[in-house]
Every structure is written in structure tokens, then in C-alpha cells.
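Thanks, everyone. I'll keep this short. Please have a look at the model on the screen.

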Amino acid sequence: MQKQKMNSTTDLFSAVQTYFDALYYCDTELLNKVFHNNSSLFDVDKGKVFVEPIDSFSKDVGGRVSPASKGQELGAEILLIDWLSPSCATVKIRIRAHNNVFVDHLGFVNGEDGWQI
């Protein structure tokens, strides 16, 4: 069981790094690899719940100027991993993109395509 947990943790770290790289390079191929195709992003703006399907988010990211192209260092870190089961974890991250710093809680599941948000 311990070895399985170590492999699972390593694979989860790899998936988080894929997410970081996708945003840093504005790489929609990487973004679509790490997000399950039925996932959505949720936020609240001025008291209204905002839901953005991954397809919309991917197009938005693909249209951005990448931090990498501006020579910005990758400012990203894992703040917390909360294991819900061996195949499910919430990962709290902080990432900088240009002048913005985002703190997100990402729900990861380990399914047939590996760890995905």
C-alpha cells in the first residue's frame, strides 16, 4: 500500500506540474490533457456564481500572451494536498501570471486517463 501511495503522489505532482506548465506557456494541449473534458471552473463574482466549462477556459488561455513569452519566471507552488481517497485529492495551489496571483483549489481524480482536474 505504501508503494502505491508513493506512485500515486508522484503522479499527482506530475499532473499539477502539467497544469502549471499549461498556464505558463498558454498551452491548450497540456491544459486539455490535465482537465477532464467534462470539468468546469467555478467562481463567485459580485455575489453571482460563475461557471466556465473547460472548453471555454481552454480557448481563453490559448488566446492569452504567455508568461513564458514575456520572460517571467514560473511562480507556482503547491500549498496543500488534502487526500480524500487514494484516487481523489484536493490540491491548493498558488500561481502567478503576469501581475496576477491566483490561489486555487483544484479537485483531482485518478481515473482511466490518470490524474485530472
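I'll go through the strands, then the rings, then the surface.

First, the ground rules. This is a predicted model, in which local features need pLDDT of at least 70 and side-chain atom pairs count only at pLDDT 80 or more, while totals for chains, interfaces and linings use all residues. Residues are numbered from 1 along each chain as its sequence is written, and side-chain values use heavy atoms, with hydrogens and water left out.

Now the strands. Helices (H or I, at least four residues) and strands (E, at least two) are DSSP runs, numbered from the N terminus. Two strands pair if DSSP finds at least two bridges between them.

Start with E1 and E2. They run antiparallel, joined by six bridges.

Next, the open sheet. What is the order of its four strands? It reads E3-E4-E5-E6, with antiparallel pairing. Strand E3 (75–85) and strand E6 (114–116) are the edges, and each pairs on one side only. From one strand to the next, the twist averages 25°. For that angle, axes are lines fitted to C-alpha atoms, for helices over the stretch in contact, and angles run from 0 to 180 degrees between N-to-C directions.

Walk across the sheet with me. Nine bridges hold E3 against E4, antiparallel. Ile78 sits opposite Ile93 in E4. The hairpin from E3 to E4 passes through two residues. Then E4, residues 88–97, meets E5, residues 100–111, through ten bridges, again antiparallel. Thr90 faces Gly107 in E5. Ile95 has Phe102 in E5 as its bridge partner. E4 and E5 also form a hairpin with two residues between them. His98 in that turn has a positive phi of about 60°.

Arg96 is in strand E4. Is Arg96 buried, partly exposed or exposed? Those words have cut-offs: buried is under 20% relative accessible area, exposed is over 50%, and partly exposed is in between, with a 1.4 Å probe and protein chains only. Arg96 counts as partly exposed because its relative accessible area is 37%.

On to the rings. Rings of Phe, Tyr and Trp (its six-membered ring) pair if their centres lie within 6.5 Å; planes under 30 degrees apart count as stacked, over 60 as edge-to-face, and the rest as tilted. By this rule there are five aromatic pairs. Tyr19 with Phe20 is a tilted one, 6.3 Å centre to centre and 50° between the planes. Both Tyr19 and Phe20 are buried. Then comes Trp83 with Trp115, edge-to-face, 5.8 Å centre to centre and 75° between the planes. That pair links distant parts of the chain: Trp83 lies in strand E3, Trp115 in strand E6, 32 residues apart. Trp83 is classed as partly exposed because its relative accessible area is 24%. Trp115 is classed as buried because its value is 6%. There is also a cluster, in which ring pairs link Tyr19, Phe20, Phe35 and Phe57.

Last, the surface. Which residues form the nonpolar patch? Phe42, Val44, Val49 and Val51 do, with about 430 Å² of accessible area together. Patches are made of residues with over 30% relative accessible area and no salt bridge; like charges are joined within 9 Å, and nonpolar side chains (Val, Leu, Ile, Met, Phe, Trp, Tyr) within 5 Å. A salt bridge here is a side-chain nitrogen of Lys or Arg within 4 Å of a carboxyl oxygen of Asp or Glu. Accessible areas come from the Shrake-Rupley method with a 1.4 Å probe, and for residues only the protein chains shown count as cover. Strand E1 (40–45) and strand E2 (48–53) each supply at least two of the patch residues. Val44 is in strand E1. Val44 counts as exposed because its relative accessible area is 51%.

One loop to finish. Asn38 lies between helix H2 (28–34) and E1. Asn38 is exposed, at 64% relative accessible area. Its C-alpha is 32 Å from that of Lys70, 32 residues apart along the chain.
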